[in-house]
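Thanks for coming. Please look at the structure while I talk.

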There are 2 protein chains.
Amino acid sequence: MQDGSFTSAPFSLSVDAMGGDNGPATVVAGLARFLKRNPDARVLLHGDKTQLEKQVAKRKIEDKVEIRHSDGVVKMKDKPSQVMRHGKGTSMWAAIEAVRDGEASVCVSCGNTGALMAVSMVRLRKAEGVNRPAIACLWPSLNKGGFNVMLDVGADIRADHEDLLTFALMGASYARNGMDIQRPRVGLLNVGTEEHKGRAELKIANDMIARAAPQGEFDYVGFIEGGDIPSKNVDVIVTDGFTGNVALKTGEGTANLIGQLLKEAFKKTPLSRIAALLAYTSLQRFRKRVDPRRVNGGVFLGLNGTVVKSHGSADATGVGSALYLAYQLGQSGFSDRLAARVAQATAVAIDETAKANSS
Amino acid sequence: MQDGSFTSAPFSLSVDAMGGDNGPATVVAGLARFLKRNPDARVLLHGDKTQLEKQVAKRKIEDKVEIRHSDGVVKMKDKPSQVMRHGKGTSMWAAIEAVRDGEASVCVSCGNTGALMAVSMVRLRKAEGVNRPAIACLWPSLNKGGFNVMLDVGADIRADHEDLLTFALMGASYARNGMDIQRPRVGLLNVGTEEHKGRAELKIANDMIARAAPQGEFDYVGFIEGGDIPSKNVDVIVTDGFTGNVALKTGEGTANLIGQLLKEAFKKTPLSRIAALLAYTSLQRFRKRVDPRRVNGGVFLGLNGTVVKSHGSADATGVGSALYLAYQLGQSGFSDRLAARVAQATAVAIDETAKANSS
């Protein structure tokens, strides 16, 4: 279903060009990379018209991009609540609005995560059956595709059992549509794999997700531990936003530490510096495999429309990855499929759990 | 204060030789390594006398070890509650009992973590002012000493604000006595560094720990994120047992993933295999730095006596590291210092918080 039959929107993507630490030049450079590989895509670009026209002309992508001017810019330090109230007229707001109005399938921004989520919630609204939207990230893994999905990594304070069930359904749908895994294996993050371990809401969610698996067309592998996140045992990792955020940043921190120690080890002596030269291609191969820019793009799930958040500090390669991910999700009609799936399966799981508890 | 002036116990260590996946031969091999570097230490060894006598004779450490026979062995699959009730007569029980009776300063076991904590709680009892004991681990870091301390990693379901304060005090004391950091920097793990972020108990704990810092003789750096765990920004990371356990295992999982990908990168082509040979010493230097066996040893804090849990799958090097850590803590009189510190500082912090809230 990669034939675009799901997308009736005139634009594939609606891009906020002004967010991010590196300014619109980097966003447009990433866009040019993306368009080179996906020449059929059409993009709506929001931001300062003068700056954008210059950048778009420089990259020679005028025929594939429509620039729409907006005066305001959401800054990284702006408070989400402020942006929600006074953000109309910013490029971020306009980028989301285009998805709401059906002009584009997916919105992409490198801007302020909190503000992006707040405006998305207000303008796109939560999908039916979703109480708490989530942010899903990709995690390098030993699986064939090279990545696992984890959600929620959005730093939301907690999630109850029904939220965790919704995350399982949304995560499975994301893995199917964004990563082409027909029957994703879903695991629930806990401090042990035994059924009696963990918090109360985890035990209830464990039962509910198991019941929802056949209807949701995924395999439920039960509780998993932190060590399983990058493993072959699972495709989708479900957890609350607090734990997910800590795990994500711990993984990034560990990868950075190891990278730095590896560099130091190769710089220690003259001989090791020669060894590093000879090992250059091997090390490059390794670096490419764990390059965080390749996994750039947190996807907001559970709204009436898909929003992809690119890292604020993303370079052109990183922006390109986020745009490609967004494009793939838009092409698969992900948002509509997800909504249908969640509404259906949540109802069934809650019914069955109620039945099981009353019998 | 490494002159042993604090330890009046006749034995430096009380070791459960029967726990662990690799059996008593590995524990005794680790013990021999430890004694070679610390010839003044005297060790009480618990387990099957016949097996232990053979192993001890083989390693020629008879003059430094007293073997004490016990019939029972706690298995990895035994339920903590069962061991608590019927575990008398096991080597694990006897090893803890020797600390309770003042025969040894510190207990070390490779056995079942849950059972070890349960029996330790029952026999050693919680120290004054401690409501929830914690397990602290060492984490490879960019700090000069090479490690940070994180607690609780014990998979306890949650911790309230007073527990988190106690963890801060205990963690600081551990860093001072076990790692020789005179004024440890303590951080509280959260999903952002802004003061308004995170769960309610984290905000209260944030205030309480800040107030307790002068009395506890540590510096409080405030909220930190997952990426700071292996960083230079902090020495002690405070968190609840659920989050800490997930973070620890996520870090281990990420390190394993990277190790595997690095290996694959060097095996890809004939040329990369040659490069690997030439890079051998650099890679060995790197491996040594991130070797998990060097950080083996979870320390139980908040009991009347110190208990060190070595990894169940530890080899002789790993066991040796855990024994050395335990020895160092015993020599510094850690347990008594910790108890005094916690009782004092908790009282002050709670008083001051009450005053601040009522004024």
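I will go through some peptide bonds and then some phi angles. Keep in mind that this is a predicted model.

Start with chain A. Which kind of peptide bond runs from Leu151(A) to Asp152(A)? That bond is cis, and its omega is near 0 degrees. To find the place, go to strand 6 of chain A, residues 147-151, and follow the chain towards helix 6, residues 161-179. Asp152(A) lies in the loop between the two.

Now chain B. Leu151(B) and Asp152(B) are joined by a cis peptide bond, with omega about 0 degrees. Asp152(B) sits in the loop that has strand 6 (147-151) on one side and helix 6 (161-179) of chain B on the other.

Next, the phi angles. Glu217(A) is not a glycine, yet its phi is positive, near 55 degrees. In chain A, Glu217(A) belongs to the loop between helix 7 (200-216) and strand 8 (219-224).

In chain B, look at Lys60(B). Phi of Lys60(B) is near 55 degrees, again a positive value in a residue other than glycine. Where is Lys60(B) found? It is in the loop of chain B between helix 2 (49-59) and strand 3 (65-69). Lys60(B) counts as exposed because its relative accessible area is 66%, and the cut-off for exposed is over 50%.

That is the list.

Key. Residues numbered from 1 in each chain as written. Chains lettered and ligands numbered in written order. Predicted model: local features only at pLDDT ≥ 70, side-chain atom pairs only at ≥ 80, totals over all residues. Heavy atoms only, no water. Helix = DSSP H or I, 4+ residues; strand = E, 2+ residues; numbered from the N terminus. Buried < 20%, exposed > 50% of the residue type's maximum accessible area, 1.4 Å probe, protein only.
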